[in-house]
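We'll look at a few charged pairs and then at a sheet.

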Amino acid sequence: MNKHQNQTTLLPTDFNQKLDSAFASGLGDSGQHDVAESTLLELLQNRARLFGDQCAYRYLWEDGSQTEITYRELDRQARAVAASLQATMTPGDRALLVFAPGLEFMTAFLGCVYAGVVAVPATYPKPNRPAPRIASIAEDSGATVALTTRQTLHTLDRSRLTGPLQGIQWIAVDTASQQPPALWQPPKLEARDLAFLQYTSGSTSDPKGVMVTHQNLMHNLEMIRRGFRLQPAHKDNESGRGVFWLPPYHDMGLIGGILEPLYVGACSILMSPAAFLQRPERWLKAISDWDATVSGAPNFAYDLCVRRISDQRCQDLQLDLSHWRIAFCGAEPIHPETLRRFVKTFAPYGFREDAFYPCYGLAEATLLAAGGNGPAPPTFLRIRRSKLQQQNIAIASGAEHEDSQELVGCGQSLPGQELAVVHPSTRTVCPEGHVGEIWIRGANVASGYWNCPEASNKTFQAHLSTTGTHLSTTGTHLPTTGSGPFMRSGDLGFLYHNTLYVTGRQNDLLIIRGRNHHPHDIELTAQLAHPALSPSAGAAFSAELHGEESLVVVQEVDRAHRKADFDEVIRRIRREVTDEHSVEPQAIVLIRQASIPRTTSGKVQRGLCRQQFLQNKLKILAKWLRHPTPTGPQGGGATNSSTIDRLCWDPLPDELLEMAKSSRLEQQRFAERIETQLLQWLQQQCQVPETQLDANRPFAEFGVDSLAAMELSGTLEDWLSVKIPTIVAWQYPTPATLATYLAGVTSANGAEPKQQPEATEKTENAFGRLLAEIENMSEHEVEISLALNPDNQHVD
């Protein structure tokens with residue numbers, strides 16, 4: 001291919017050699033490294049001793065208030081929680097962590113560490129619906145205790161709990177943390193002991209918990225520190241001060257947003273995912289206000305900021321992003337245009353291109369596996385798409401634009417780790433410029449999947465074949481036979497000029513907005529949406545549409561139903577998939593029976609189906625493709641289908657608002673005006689034909705996904721100039737009920753209307769499923785959103 005083709009393809013990290021050699025030279029059978037602490041227990045104890053009264057975590061609430069906890073108080077509360085756990089649990093037992101965002105999660109997580117109990121972070125239960133994911137995790141992990149808050153225990157509908165959740169012991173940490181910690185007994189923890197289980201792999205019916213040890217965690221925290229070029233731990237470490245909104249059950253949220261600041265002795269400023277999704281400006285405003293140097297998120301978050309934050313709003317907020325030194329981006333495919341648009345939009349407010357830190361990681365490697373040597377401009381590479389489909393790489397020329405695809409480089413292998421690109425079948429190292437599976441070896445690699453020996457052996461015990469030689473990150477030759485064990489990532493990529501480029505996944509896992517979705521789960525939901533659809537004859541996959549990674553559903557139609565109303569079939573698929581999985585398909589294709597590509601053994605070939613979709617070679621009966629909304633003024637970049645087009649929200653005259661306050665009749669007329677506006681938005685946002693608009697149908701039936709719903713609440717707040725709860729569309733899940741509520745709250749100057757419209761159980765459940773991100777709201781936010789007294793004062 002070029003002069004680099006036959007060079008080493010184990011990713012070197014030359015800059016690591018400039019660091020002290022103790023960390024990298026420890027790589028081997030033990031994988032030990034030279035850091036002061038070997039467990040999280042030692043880490044927090046040392047931080048509390050050295051930085052006692054310094055703020056460890058600060059939480060920003062949507063009403064402008066904040067709470068914080070110091071290192072000393074965090075240590076005290078962790079000991080108190082641990083003492084409560086030690087009364088009924090033994091070291092090695094598992095405990096579920098079921099928390100909305102807030103400081104209680106940190107107390108619970110570290111309380112588990114102090115008790116020697118294995119923490120199992122889980123998602124927060126959605127309103128008014130069962131929790132099959134949590135139940136599956138509880139059963140797989142064997143957890144006997146669930147930690148949460150008093151508010152959750154008070155509001156939790158235990159009748160909806162299934163399986164092991166019915167008999168589990170629930171403990172409120174905000175009660176336990178206030179108990180005297182004197183009864184705590186320090187456990188005998190070692191570096192190889194489990195710290196927590198990270199459930200990110202496996203479908204709902206087959207969860208897989210990654211077993212992360214203290215050694216894995218401490219090693220990766222040091223890798224991150226060096227990759228980000230953060231200063232070693234010291235008091236008031238400004239180099240590690242960060243702002244984060246990712247949920248703590250997400251590995252990037254837990255390790256990047258919570259534990260890394262603890263590791264370097266910095267303060268982490270936190271907010272809820274719901275706060276960000278409703279108003280992305282809150283994220284950037286917090287970075288600006290607190291002079292944060294580190295923050296990051298998946299690709300979609302940067303794209304959302306560009307589309308939702310206008311230049312005028314940046315000026316009004318007086319944004320100053322000049323202190324933002326590391327803007328990491330990962331957890332889903334990274335799009336070059338997203339990074340360019342973000343730089344163009346926010347450079348006038350101090351953001352620098354070299355702050356971007358595209359990176360690659362996965363839970364099986366604890367978190368971060370590849371990234372740059374500190375801040376540097378992103379690396380882009382334009383290649384020929386046709387060659388990539390053949391697992392080869394050819395640089396695209398200007399004349400080959402239609403056959404080209406641009407990728408973002410994810411840096412180099414980080415210190416104390418080896419990374420290889422390997423042919424998945426022959427298990428030989430690929431030459432540079434050839435696509436293969438990414439294999440990783442190091443002390444940061446987890447020990448396996450909990451209670452899954454077969455899957456653990458397949459993923460974590462891979463060895464290179466007996467032929468060929470390769471180089472380590474330090475340039476020394478490794479054994480020429482059977483070198484390993486490596487962890488097989490399942491991700492495909494290639495090396496070019498010592499930079500890793502990730503091209504996709506070997507399996508079919510979908511990653512959309514940083515969340516994992518298993519295609520089998522979505523396919524099953526789609527097939528059950530309408531009797532015209534053939535069972536086991538569909539494919540769900542992701543493809544780049546309108547500049548972002550999007551969900552596509554292809555489904556065969558039973559020939560006995562070839563005269564079915566295909567528009568209705570597509571509407572049902574949109575509704576059920578959005579309702580059940582909180583992600584809306586951006587394209588749905590109905591095809592002829594027996595036309596979906598299959599293997600000789602009868603398995604659906606999702607990859608080939610995706611290729612036929614992109615090449616328009618499917619045997620199509622009906623096709624629905626969401627069109628992008630028109631480009632608005634929110635930053636000059638392209639928009640996509642989830643964007644709320646604010647141009648359709650005409651300003652309301654002051655006299656209209658005053659009239660709405662004058663009488664019930666005028667309030668009713670105002671509600672009709674709002675209802676009309678909501679229906680117009682649905683018609684534009686979801687491409688709903690005017691003849692199908694119905695104010696009494698739930699938003700979920702129109703295909704409104706969770707991100708659009710959260711954006712809608714922020715848009716309504718701006719339009720009506722009143723405070724609107726982020727969960728308003730769950731309480732009032734149809735245009736009619738929402739319009740009545742909004743008219744009442746507006747005419748009452750922000751107070752709750754005396755009479756609230758009632759939603760049916762069906763619509764409540766539908767919108768409860770729709771707003772999956774609401775699972776991350778804290779009890780404090782729920783009180784603010786739901787418990788407004790007549791004088792419009794928040795209930796404490």
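Is R669 buried, partly exposed or exposed? At 45% relative accessibility, R669 counts as partly exposed (buried is under 20% relative accessible area, exposed over 50%, partly exposed in between, with a 1.4 Å probe and protein chains only). Before going on: this is a predicted model, where local features need pLDDT of at least 70 and side-chain atom pairs pLDDT 80 or more, while totals for chains, interfaces and linings use all residues. Residues are numbered from 1 along each chain as its sequence is written, and side-chain values use heavy atoms, leaving out hydrogens and water.

R669 meets E666 in a salt bridge, 3.0 Å from N to O (a side-chain nitrogen of Lys or Arg within 4 Å of a carboxyl oxygen of Asp or Glu). E666 is buried, at 15%. Both sit in helix α21, 3 residues apart, so about one helical turn separates them (helices are DSSP runs of H or I with at least four residues, strands runs of E with at least two, numbered from the N terminus).

The structure holds 30 salt bridges. Another one ties R279 to D718, at 2.7 Å, and this pair links parts of the chain 439 residues apart. R279 is buried at 11%, whereas D718 is partly exposed at 38%.

Now for the sheet. It is open, with 4 strands in the order β25-β26-β27-β28 and mixed pairing (two strands pair if DSSP finds at least two bridges between them). β25 and β28 stand at the edges with a single partner strand each, so one side of each has no neighbour in the sheet. Further in, 5 bridges join β26 to β27, and these two run parallel.
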